[in-house]
Amino acid sequence: MPKSSRIFPTESAPMSDNLYHILASCASADPDAVFLDLADAPPVRYGDIDHRAARLARVLTECGAVPDDRIVVQVEKSPDAVMLYLACLRGGFVFVPLNTSYTAAERRFFLEDAKPSVFVCDPAHAETGVVTAENTGVRAVMTLDAAGRGTLTAAAALASSEAPPVVRHKVDLAAILYTSGTTGLPKGAMLTHENLASNALMLARYWGFTSDDVLLHALPIFHVHGLFVALHCAMCSGARIIFQKDFKVPAVISRLLDATVMMGVPTFYTRLLGSPALTAGSAQNIRLFISGSAPLLEDTFRDFEARTGQRILERYGMTEVGMACSNPLDGERVAGTVGFAMPGVLVRSVDKTGREVPRGEVGVLEISGPNVFSGYWKLPEKTAEEFRPDGYFISGDMARIDEEGRVSIVGRAKDLIISGGFNVYPREVELCLDDVIGVKESAVIGVPHPDFGEGVTGIVVPDGTMKLDPNHVLAAVGDKLARFKQPKKIFIVNELPRNAMGKVQKKALRNRYANIYEEVADSALTRNSR
């Protein structure tokens with residue numbers, strides 16, 4: 001194919017707010033520059049992107065998709081999966097990625113809700129995918145596996161790449177990402193081209209990305225972190241991506257010396273610390289370690305710095321807003337905080353009435369900015385509930401903002417425990433439990449209690465250095481927490497349940513321990529009957 005000076009010649013393209021145009025205008029001017037550095041295949045170069053994305057977009061069009069149609073995608077991480085995302089942007093389609101662990105029954109919900117023109121799945125799911133598609137009105141099912149094989153790429157090999165990128169406006173949808181649905185059915189967060197573009201350009205500048213950077217990418221790409229944050233930062237600067245299929249400690253450590261930036265979830269960093277191969281020397285070329293998607297333990301922050309000399313940059317975001325807060329690139333990175341509101345983003349902490357609480361007090365974090373999503377797919381009532389009249393989005397996260405403007409997340413509003421009429425913030429209790437000798441990590445939940453309404457309950461994972469006793473853990477926090485904040489019971493477990501992004505699944509824990517205080521009620525009834 002002829003080589004252009006950009007992903008495609010932007011000077012001949014019509015004016016457009018299509019995120020694809022924006023990424024193309026920022027990407028490497030050298031078509032031979034490596035975009036995706038692959039362990040087991042030739043690299044994908046910046047000059048290859050438009051040709052491959054155009055062919056895939058053409059296939060989707062031939063399947064009957066038109067601009068604004070949804071394309072639901074449930075495939076393993078691969079270079080072709082990245083190209084499929086870019087093809088959807090290029091063709092004006094709405095990209096709808098699904099977690100690869102979703103079952104056939106769960107897939108049916110998403111297909112019924114999103115009403116896509118095309119469903120792209122792994123060949124292993126093709127048979128059930130076709131049946132589900134027929135029952136939900138999906139026009140076409142295409143397949144794509146982790147090696148790039150399938151009906152999608154076979155058709156793309158024969159397709160034309162001549163059609164220009166579709167003109168999109170700021171308010172047009174670029175993607176729908178479904179939330180985890182921990183409080184009910186999943187909700188589709190509608191993200192516009194402006195939402196994604198504003199966040200992409202701001203992040204690349206704020207974190208200092210340049211074409212000299214090499215990003216170590218071991219995240220999944222069905223989630224905001226790996227799909228938008230990581231890929232967009234690299235493309236906006238023309239950086240190279242070391243593209244790993246998944247996170248494996250030896251493989252990551254073996255490539256650290258080749259990289260300058262790594263993005264990960266806290267689990268990545270705890271697992272790296274478990275390897276003696278992680279040293280200051282192995283991390284010496286990294287200019288920036290970034291953590292997000294779940295809270296980073298302060299112990300992990302300190303241990304990582306002690307081992308490597310590097311202070312992890314923790315940031316905060318969510319599906320509905322992309323990235324909203326970050327510790328600074330240059331300046332103090334404080335353990336236990338997610339830093340300041342990012343440029344162009346406004347945050348505030350409010351009480352139940354929507355009034356801002358004084359600095360240093362806990363309230364619900366609300367966010368405003370061009371990054372904030374346009375609403376929930378087909379749920380106008382839910383959308384209205386989640387926005388204030390002045391446009392701020394109610395995040396549902398409990399946060400404390402200090403006098404400097406640093407934000408600390410103390411938990412989800414739905415995880416707030418009200419015990420005996422007092423508010424207990426799980427994060428505060430978890431930090432105390434995590435400081436107990438022998439404790440690796442903890443989760444604190446509230447479950448039904450006959451006397452207190454909710455009983456503060458701690459689930460603790462030992463670090464393996466000693467045998468933990470629940471009474472020992474309780475005694476260790478006895479003089480650090482007010483009585484009403486102290487756990488009524490402690491349970492020792494081997495690991496905490498987590499989702500694909502490393503977030504502790506507290507709903508699963510609440511279900512597991514829902515009846516643990518029933519004996520209290522039973523004994524009270526026995527006493528009262530005497």
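## Sheet, helices and a pocket

Strand E14 (residues 322-326) and strand E15 run antiparallel and are joined by 2 bridges. One of the residues involved is Cys325, whose bridge partner in E15 is Ala341. The model described here is predicted.

Both strands belong to an open sheet of 9 strands with mixed pairing, in the order E2-E1-E10-E9-E11-E12-E13-E14-E15. Strand E2 (44-45) and strand E15 (340-341) stand at the edges; each has a single partner strand, so one side of each has no neighbour in the sheet. Strands of a sheet pair through backbone hydrogen bonds, in either a parallel or an antiparallel way.

Helix H10 (residues 266-273) lies across two strands of this model, strand E11 (261-264) and strand E12 (288-291). Relative to E11, helix H10 runs at about 110 degrees.

How many residues of helix H13 (residues 426-434) are buried? The count is 7 of the 9, so helix H13 is largely enclosed by the rest of the structure. The buried residues of H13 are Pro426, Arg427, Val429, Glu430, Cys432, Leu433 and Asp434.

The second largest pocket holds about 360 Å³ of space. Helix H3 (79-91), strand E10 (240-243) and helix H9 (249-255) are the elements that each give two or more residues to its lining. The lining has 23 residues, and those nearest the pocket centre are Leu38, Ala39, Asp40, Phe243 and Lys245. By class, the lining of the second largest pocket divides as follows.

| Class of lining residue | Number |
|---|---|
| Nonpolar | 11 residues |
| Polar | 3 residues |

Note on methods. Residues are numbered from 1 along each chain as its sequence is written. This is a predicted model: local features need pLDDT of at least 70, side-chain atom pairs count only at pLDDT 80 or more; totals for chains, interfaces and linings use all residues. Side-chain values use heavy atoms; hydrogens and water are left out. On a 1 Å grid over the protein atoms alone, a cavity is a set of points where a 1.4 Å probe fits but cannot get out, and a pocket is an open set with protein on both sides within 12 Å along at least five of seven lines; lining residues have an atom within 4 Å of a point. Grid points are joined across faces, edges and corners, and a volume is the space filled by probe spheres set on the points. Helices (H or I, at least four residues) and strands (E, at least two) are DSSP runs, numbered from the N terminus. Ala, Val, Leu, Ile, Met, Phe, Trp, Tyr, Cys and Pro count as nonpolar, Asp, Glu, Lys and Arg as charged, and the others, Gly among them, as polar. Two strands pair if DSSP finds at least two bridges between them. Contact means heavy atoms within 4.5 Å. Axes are lines fitted to C-alpha atoms, for helices over the stretch in contact, and angles run from 0 to 180 degrees between N-to-C directions. Buried means under 20% relative accessible area, exposed over 50%, partly exposed in between (1.4 Å probe, protein chains only).
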